[in-house]
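Please read the following account with the sequence and the model side by side. It goes from the ligand site to the strands and then to the helices.

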Amino acid sequence: MSIIQVKNVSFEYFKGVKVLNNINFTLNKGEVVAIIGQNGSGKTTLVKHFNGLLRPTKGEVLINDEDAVKKTVAQLSHTCGYVFQNPDDQIFNSVVTAEVAFGPSNMGIKSHELKVRVNEALRTVGLYEERDKHPLDLDLNQKKLVAIASIVAMRPELIILDEPTTGQDHAGLLRVEALINELRKNYTVIIISHDMNLVARVASRVVMMCNGEIIFDGSPKEAFTKNALMKKTYLKPPIITELAQSLKGFKRDVLTVDEFMDELKTKLKK
Ligand SMILES: Nc1ncnc2c1ncn2[C@@H]1O[C@H](COP(=O)(O)OP(=O)(O)OP(=O)(O)O)[C@@H](O)[C@H]1O
Ligand SMILES: [Mg+2]
C-alpha cells in the first residue's frame, strides 16, 4: 500500500530554474527509505512536497491516493511529519513540553491524551528529563531530538528526518540510529542523510538524487555496488563496503561489520 506517489513532478523556486526534474517516486507503508545525494541535489525540496510546504510546478503528489494540492499543510502534516534539517527553523516555543505539544494540540488533541502523547514522544527520543527546559538551552543534538519528538507526538503515518545526524557526536549518532530502529516499528520513515554508514545499517531502500533527478532507486546493497552512480553523487559507500571491495575475491555488497566478518570466516575456511 502506498502512502506517497510522486508523478512527473518538476519544481522551480525561480521561473526557468528546475530544482526537481520529472521525479517519479512511490513510498510504501513500512519502508525505511534513505534519500541520498550531493548538497543541493534537491532532497529537501522533494520531501517538502510531501506535507505541502512546497507545491509542484508540474506533475502531482498523491498522499494516500488523494491529490495533495487539495489539502492544507496542517491537514497533510497528520499523515506526513517533516522534521526540519535545521531545528532552529522548526522550534519556537520557550519550553520543551510546549514545543512538543504544539502539533498535537493543533490537531485538536487535549488534556490527558495530549499529556500522554507529549510524555511518550519525549521518552521515545530520550528527552523526558529535559522536558521543562528552554529549547534554546539545549545543545544541537538535543534540539534535533526536540524537533523529532514534536513530530512523533502528532503520530503521523510517515516521519521524515532531514539530516538527523549532522553535527552529532558518536553518542548522538548511536542515539539517532537506535531511534530510527524504534520508529520503524510503528512508522514509515524517510531519512535524508550524508552518513552512508548509517544508511547501510538502517535503510530498506535507497533513493539517489543528482541535479534534481532520481538516478537510482533500489536496495542499499545494489546502491553501494554501483560505483559509477555513487561517484556522480560525490558520496562514498560505507567504509566497510569499500574495504570489502578492495579485497580480491571478497563479495562486493558487504554493508556491515557483521557481514564482513561472515565473509572473512568463509574465506578463511577455504
Ligand atoms: N528557498 C529557496 N529558494 C531558492 N532556491 C533554493 C531554496 N532552497 C533551496 N534552493 C536551491 O534548490 C536546490 C536544491 O536545494 P535542496 O535544499 O533541496 O538540496 P538538498 O539536496 O537538500 O541539499 P543539502 O544536502 O545541502 O541539504 C539548490 O540549488 C538550492 O540552492
Ligand atoms: Mg537538504
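**The ligand shell and the fold around it**

By class, the shell around ligand 1 consists of two nonpolar, eight polar and one charged residues. Here Ala, Val, Leu, Ile, Met, Phe, Trp, Tyr, Cys and Pro count as nonpolar, Asp, Glu, Lys and Arg as charged, and the others, Gly among them, as polar. The model is predicted: local features need pLDDT of at least 70, side-chain atom pairs count only at pLDDT 80 or more, and totals for chains, interfaces and linings use all residues. Residues are numbered from 1 along each chain as its sequence is written, while chains are lettered from A and ligands numbered from 1 in the order in which they are written.

The residues around ligand 1 are Y13, V19, G37, N39, G40, S41, G42, K43, T44, T45 and Q85; a residue is near a molecule if its C-beta atom, placed from the backbone, lies within 6 Å of it. Helix 1 (residues 43-47) gives the most to this shell, with three residues. Helices (H or I, at least four residues) and strands (E, at least two) are DSSP runs, numbered from the N terminus.

Strand 1 (residues 2-14) and strand 2 (residues 17-28) run antiparallel and are joined by eight bridges; two strands pair if DSSP finds at least two bridges between them. V6 has F25 in strand 2 as its bridge partner. Two residues lie between the strands of this hairpin, where G16 takes a positive phi near 90 degrees.

An open sheet is formed by six strands in the order 6-7-8-3-9-10, with mixed pairing. Strand 6 (80-83) and strand 10 (213-218) stand at the edges with a single partner strand each, so one side of each has no neighbour in the sheet. From one strand to the next the twist averages 15 degrees. Strand 9 (residues 205-210) is antiparallel to strand 10, and five bridges join them. C210 stands opposite E213 in strand 10.

Helix 5 (residues 140-152) packs on the sheet, touching strand 6 and strand 7 (158-162), and its direction makes about 170 degrees with that of strand 6. Axes are lines fitted to C-alpha atoms, for helices over the stretch in contact, and angles run from 0 to 180 degrees between N-to-C directions.

The axes of helix 4 (residues 111-125) and helix 5 come within 8 Å and cross at roughly 140 degrees. The contact is made by A121, L122, T124 and V125 of helix 4 and L145, I148, A149 and V152 of helix 5, contact being C-beta atoms, placed from the backbone, within 7 Å. By class, this contact has seven nonpolar, one polar and no charged residues.

Methods: Two residues are in contact if their C-beta atoms, placed from the backbone, lie within 7 Å.
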